[in-house]
Each structure stands twice: as structure tokens, then as C-alpha cells.
Amino acid sequence: MHHTLRVRISESGMDVLEALACEMEQVGIEIRDHSLKPLPGVEPLPEGMADMVLWFETEDASREAAELVKADFPDAALFFETVEDQDWTEGWKKDVRATRAGRLWVGPSWMTDSRPDDCVGLVIDPGMAFGTGDHPTTAMCMEAISDWMDDKNHEGCSVLDVGTGSGILAMAARKLGSGPAVANDIDPQAVEIARENAAKNGVDGVEWTTKPLERIRGRFDLVLANIFANVLCHYAPRLADAVADGGRLMLTGILNEQAGEVLTAFEREGMKLVRRRDRDEWTLLEMAH
Ligand SMILES: C[S@@+](CC[C@H](N)C(=O)[O-])C[C@H]1O[C@@H](n2cnc3c(N)ncnc32)[C@H](O)[C@@H]1O
């Protein structure tokens with residue numbers, strides 16, 4: 001049995017809520033925005049709003065968490081639910097798909113038979129970290145990484161993956177022949193999961209870290225960031241600075257209508273758009289100095 005707290009707030013507050021959630025005794029976080037099917041029995045999201053579902057072992061923990069949320073988000077709508085464990089685990093499985101993106105195939109361990117022979121495989125079971133490959137932002141970024149790594153000159157390139165979640169993008173780059181990578185996330189649980197995923201996939205050469213971007217030094221040939229647009233804009237100076245000359249910056253997590261604002265923030269840092277990819281309501285910007 002698990003207890004969930006669903007918090008409905010504006011999408012722009014999600015980063016702050018995520019940081020708050022990391023301090024709670026939750027066992028899982030799920031963000032449900034407009035890119036996902038609404039949960040059964042849950043009213044549709046109004047424009048600009050998103051849900052965060054937090055999972056707890058006890059009802060008391062979910063009530064304590066609600067008090068913390070109320071203190072910072074007095075207008076948030078809060079909903080409590082009790083979930084049978086069996087539904088919970090099986091529920092994950094029903095929604096999981098394998099994804100092919102460029103030369104990469106990503107899927108859960110129970111679908112590995114469907115991996116095409118001409119693809120490099122990554123096995124990621126759904127867990128408590130974002131990044132099983134089927135979200136349009138992750139899939140577009142894997143395609144972009146695959147295209148970049150198709151150029152033999154990029155073999156052994158250094159990689160920075162900001163907001164690594166399950167570790168998927170850093171692992172994708174390594175599997176396709178990149179050099180050493182640094183991958184960070186503000187969520188320590190995600191970093192732990194990423195480390196485990198790397199071990200399961202035989203991926204080495206990645207420094208998995210909770211170090212914030214400000215404390216990651218150096219310049220990288222390939223910089224990947226799949227985070228909300230407002231976080232990308234905030235970090236534009238450091239992200240731009242982290243891209244080596246001749247390197248590529250891949251930014252996603254951006255809604256189509258936010259692309260202009262993100263572009264302007266990075267152009268201000270002297271970066272130029274090389275390629276734009278769009279899928280559903282999501283955009284990926286590839287930029288270079
Ligand atoms: C949309 S997920 C992307 C996961 C994975 N990279 C992918 O492409 O599927 C965004 C991740 O960024 C992390 N994150 C959010 N703000 C961050 C920040 N300021 N620094 C580092 N990580 C951050 C979140 O914890 C989350 O794991």
C-alpha cells in the first residue's frame with residue numbers, strides 16, 4: 001500500500017516544488033504535464049498547470065508533506081489517494097514503450113527481444129527517475145545525439161548531461177562512442193538510479209554527481225540539457241560557457257511557444273542556432289558558438 005499526494009500548481013512553479021519534494025521522505029515523484037495522458041479519474045489540466053504526484057510509505061508522511069507544500073504554495077490544489085501496490089507496479093508496465101531514436105533503442109528489460117539488430121541497446125526499467133526514452137524531449141535528444149555521433153570526428157568527445165534523470169542521455173552518448181562524461185541532477189535519488197542503470201548497461205566513464213552546474217568546471221564538446229525552459233534560461237551563461245569551441249549544445253524540455261525566449265537567452269551568450277527539432281508540443285534547439 002502506498003499513499004500519494006497530488007499537487008496541482010502552475011507549470012512555472014514545478015522546479016521550486018521539485019526542489020522541495022527532494023527534501024521530503026517520499027519514495028517517488030512523478031510530474032504529469034500536458035504531454036501525458038491524464039490519469040484515470042483525474043480532471044484534465046487547465047492551460048499552464050501541471051500535477052506532481054508524490055508517493056509515500058505512510059499516510060502521515062503524505063500529510064506532513066502537504067503541510068510543507070501549503071507553506072510555499074498556498075494556492076496549490078492538494079489531493080490524497082491510497083494505492084494498492086500491485087496496481088502501482090503493474091500500472092507502470094502498461095504505459096511503458098520501447099523507443100527507437102536514430103541508432104539507439106531504449107526499452108524495459110521485458111521488451112529486449114524487440115530490439116532491432118542495427119540498434120545500440122539501452123535497457124531502462126521504469127523507476128522513480130525521469131527518462132525511459134519515450135518522452136518526446138528525450139527521444140528527440142537521443143536522435144540528435146545519434147546524428148552528432150554519426151560524424152567519426154566526434155568519437156571520444158567529452159559530454160556534459162545536465163539533469164540526467166535516469167542517466168539516459170549520458171549513457172546514450174557513451175554507447176555511441178563518446179569520451180568521458182559528467183552527468184548531474186539535483187535529485188540525489190535520480191543520481192543513484194542513473195548509477196545503477198549505468199552498471200546494468202555496462203556503461204562506464206561517467207561521473208554521476210549531485211553537484212550543481214555552477215560547481216562543474218571545464219568545457220565539453222557535447223552539452224545536453226533536458227530541463228524546463230525557465231531553468232535553461234537561468235543557466236544560459238554557464239551552459240553556453242560549458243560548450244567547447246566546435247562543440248554542440250542540445251537544449252530541450254522546451255514547449256514550442258517557449259522556444260523563442262530560450263533562443264534569445266542563448267543568443268545573448270553568443271550562441272547560434274544550428275538546428276531546431278519539434279515533436280508534438282516540444283522543441284529541441286541545437287546551438288553552437
Ligand atoms: C525532464 S528530466 C530529464 C531526464 C533525462 N535527462 C531525459 O532526457 O529523459 C529533468 C531532470 O532535471 C533535473 N533537474 C531539474 N532542475 C535541475 C537543475 N537545476 N540542475 C540539475 N538537474 C536538474 C530533474 O531532477 C530531472 O531529473
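Me: Why is Arg6 called buried?
Reply: Buried means under 20% relative accessible area, exposed over 50% and partly exposed in between, with a 1.4 Å probe and protein chains only. Arg6 has a relative accessible area of 9%, so it is buried. The model is a predicted one, in which local features need pLDDT of at least 70, side-chain atom pairs count only at pLDDT 80 or more, and totals for chains, interfaces and linings use all residues. Residues are numbered from 1 along each chain as its sequence is written, and side-chain values use heavy atoms, leaving out hydrogens and water.

Me: What makes the pair of Arg6 and Asp51 a polar contact?
Reply: A polar contact is a pair of N or O atoms within 3.5 Å; within protein, one must be able to donate a hydrogen and the other to accept it, and residues adjacent in sequence count only if both atoms are side-chain atoms. The side chains of Arg6 and Asp51 form such a pair at 3.1 Å.

Me: Which residues are in contact with Arg6, leaving aside its neighbours within four places in sequence?
Reply: Contact means heavy atoms within 4.5 Å. Among the residues in contact with Arg6 are Val42, Glu43, Asp51 and Phe79. Arg6 itself belongs to strand β1, residues 2-10; strands (E, at least two residues) and helices (H or I, at least four) are DSSP runs, numbered from the N terminus.

Me: How do you know that the length of α4 agrees with its number of residues?
Reply: The expected span of a helix is 1.5 Å times one less than its number of residues. For the 15 residues of α4 this gives 21 Å, and the end C-alpha atoms are 21 Å apart, so the two agree.

Me: Why is α4 described as mostly covered?
Reply: Twelve of its 15 residues are buried, including Pro136, Cys141 and Trp148.

Me: What makes β5 and β7 edge strands?
Reply: Two strands pair if DSSP finds at least two bridges between them. The open sheet has the order β5-β6-β7, with mixed pairing. β5 (99-101) and β7 (120-123) each have a single partner strand, so one side of each is left without a neighbour in the sheet.

Me: How do you know that β6 and β7 are paired?
Reply: Four bridges join β6 (residues 104-107) to β7, and the two run parallel. In one of these strands, β7, Leu122 is the bridge partner of Val106.
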